[in-house]
Amino acid sequence: MRLLYSLVWWLVLPLVLLRLWRRGRKEPGYRAHVGERLGFYSQEARLSGPQARFIWVHAVSVGETRAAEPLIDALLQQYPQHSILLTCMTATGRETGTQVYGKHGARVVQSFLPYDTGWMCARFLRHFRPVVCVLMETEVWPNLIRQCRRHQVPVMLANARLSERSLRRGQRFAALLRPAAEAIDVVAAQSPADAERLRAFGARHVEVTGSLKFDVQPPAEMVERGLAWKRAIGERKILLCASTREGEEALILDALARLGKTGWLTVIVPRHPQRFAEVAGMIQAQGLRLRRRDALGQGGDWDQVDVVLGDSMGEMFAYYALCDVAFIGGSLLPLGGQNLIEALALGKPVLVGEHTFNFQQISSDAVLASAAVRVESAEDLWHRLLQLQTPSIRAAMAKQALDFAEKHRGAVEKTVFLLAPYIPPAR
């Protein structure tokens, strides 16, 4: 089965590269470092020659890259003679890596992960020679894990999660994916339910550590930026629609246009930057008065504005600091939901839709703890928001959010402890 899978990769590779090039029209980062995706690397990418000792962390995109921050910070402190090799698959993930880890200078080296063929993965491993591989969340690549085994590179699946839907899908390809899961040396699961599903999938050494995302510290400068925006806007209450996905903005804006004046200023931050212009067009098509990110922090008649488009990257903590209530996108439609932990960590009342299977346990626990509320539709979102106009109700939810976030911290320490036996001491 794995050989057939590898053959398919080689057959579709021209189409994959063509899609990569086309996507680069809107996101130029996809046309950069293409050789890395094929297993070719410059010597400059290696850091201090053949003696460099890499702890390799793979974070596929933006969310995983940010979630890895407290773990990477801890590993750099715990292992001062090692460096971090950070790989990703998306251009936005790499850009986020530059923003988040630039503070570490040459101790964090970035690269795209090659496509999952044995030949490309073997070239990657021979070039960088990592001492251990840490895959974030759900990244189980059959050829990559097999080559790690061949090159004697231990593999951890960190911050691991597996929904019921993903388990069912994975079981359809058990002949391919189960051997890969069985070859992983250790799994740090986000929750007991995730751990149970990962064991059912074939993982052997599974421990529950919690979610690393609870250990992410909001950058002080971002929090202050958001508070400065809020001071400039004044007393008006602000709803943040964070990380919205295709189809959701239309539902939210249509409901807002029908309701008319709500008293709330709506800030929409789409998940994908290539959709900024599209969402701006939707706002204007509804006859709603629009301002963009560049206007935040400036004066003006904010009472006359209906919607702010957050068309910027890397400022989500600032947007959370700005808002009074946060709706987490990807959950109005069956898209699985996005990360609600950052909003909870800043003590924001959270609204989520019914489709949160990517964050099912955390979402359900937050609702049970009264730190979050589920909404059934875009109309229901606005009805719930009217209930949250009362300051005492918002304050009570904010306290529950902070308490919930504090209760779930500590995953980094547990993950570093699990990883320690697989990192040989520096000579």
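Biologist: How much space lies in the second largest cavity?

Modeller: This is a predicted model, in which local features need pLDDT of at least 70 and side-chain atom pairs count only at pLDDT 80 or more, while totals for chains, interfaces and linings use all residues. Residues are numbered from 1 along each chain as its sequence is written, and side-chain values use heavy atoms, without hydrogens and water. A cavity is a set of points on a 1 Å grid over the protein atoms alone where a 1.4 Å probe fits but cannot get out, and its volume is the space filled by probe spheres on points joined across faces, edges and corners. The second largest cavity holds about 30 Å³.

Biologist: How many charged residues are in the lining of the second largest cavity?

Modeller: The lining (residues with an atom within 4 Å of a point) consists of I328, S331, G337, Q338, L340, V352, T356 and S363. Asp, Glu, Lys and Arg count as charged, Ala, Val, Leu, Ile, Met, Phe, Trp, Tyr, Cys and Pro as nonpolar, and the others, Gly among them, as polar. The lining has three nonpolar and five polar residues, and the number of charged residues is none.

Biologist: What is the volume of the largest cavity?

Modeller: The whole structure has two cavities of 30 Å³ or more. The largest is lined by W9, M89, L113, P114, Y115, D116 and W141, a set of six nonpolar residues and one charged residue, with no polar ones. Its volume is about 50 Å³.

Biologist: Is S61 buried or exposed?

Modeller: S61 sits in the loop between β1 (54–58) and α3 (62–67); strands (E, at least two residues) and helices (H or I, at least four) are DSSP runs numbered from the N terminus. Leaving aside residues up to four places away in sequence, S61 touches T90, T92 and G93, where contact means heavy atoms within 4.5 Å. Because its relative accessible area is 15%, and buried means under 20% with a 1.4 Å probe on protein chains only (exposed over 50%, partly exposed in between), S61 is buried.

Biologist: Which residue is 197 residues from V412 in sequence and 6.8 Å away in space, C-alpha to C-alpha?

Modeller: V412 belongs to helix α19 (residues 411–419) and is buried, with a relative accessible area of 11%. Beyond four places in sequence, V412 touches residues including P70, L71, A74 and L212. The residue at that separation is D215.

Biologist: Which residue takes a positive phi just after α7?

Modeller: In α7 (residues 142–150), the buried residues are P142, N143, L144, I145, Q147 and C148. They pack against elements including α1 (2–23), β4 (132–136) and α9 (174–183). Just after this helix, the residue with a positive phi, of about 60 degrees, is Q152.

Definitions and conventions: 1 Å grid on protein atoms, 1.4 Å probe; cavity = no way out; pocket = protein on both sides within 12 Å on 5 of 7 lines; lining within 4 Å.
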